[in-house]
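The sequence and the structure are shown first.

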Amino acid sequence: MDHYLWGLFFIVLAGFLAGGTYALWKTNRVLALALGGCTALAVAAGVLRLGYL
């Protein structure tokens, strides 16, 4: 059960990071791209923790 909570945590974290990426896009695109990369890593970690791949 514990790995499901970690997977859910990473998916929720990815949602917050995606929101930050969207909000930052017009002011600082370099930082927004870095946050986008972190978002992709968080989604990948969540999906792998949940065992979908």
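## Aromatic cluster

W6, F9 and F10 form one aromatic cluster. The model is predicted, so local features need pLDDT of at least 70 and side-chain atom pairs pLDDT 80 or more, whereas totals for chains, interfaces and linings use all residues. Residues are numbered from 1 along each chain as its sequence is written, and side-chain values use heavy atoms, with hydrogens and water left out.

Rings of Phe, Tyr and Trp (its six-membered ring) pair if their centres lie within 6.5 Å; planes under 30 degrees apart count as stacked, over 60 as edge-to-face and the rest as tilted. The count by this rule is three aromatic pairs. One of them, W6 with F9, is edge-to-face, at 5.7 Å centre to centre and 90° between the planes. W6 and F9 stand three residues apart in helix α1, about one helical turn. The pair of W6 and F10 is tilted, at 6.1 Å and 35°.

## Exposure of the aromatic residues

Buried means under 20% relative accessible area, exposed over 50%, and partly exposed in between (1.4 Å probe, protein chains only). W6 is partly exposed at 41%, as are F9 at 44% and F10 at 21%.

## Helix α2

Helices are DSSP runs (H or I, at least four residues), numbered from the N terminus. Helix α2 comprises residues 29-50. Its buried residues are A32, T39, A42 and G46. They lie on the same side of α2, because they cover an arc of only 75° around the axis, taken from the directions from the helix axis to the C-beta atoms. The face turned away from this buried side carries the exposed residues V30, L33, L41 and L48.

Note on methods: Helix = DSSP H or I, 4+ residues; strand = E, 2+ residues; numbered from the N terminus. Expected span 1.5 Å × (residues − 1).
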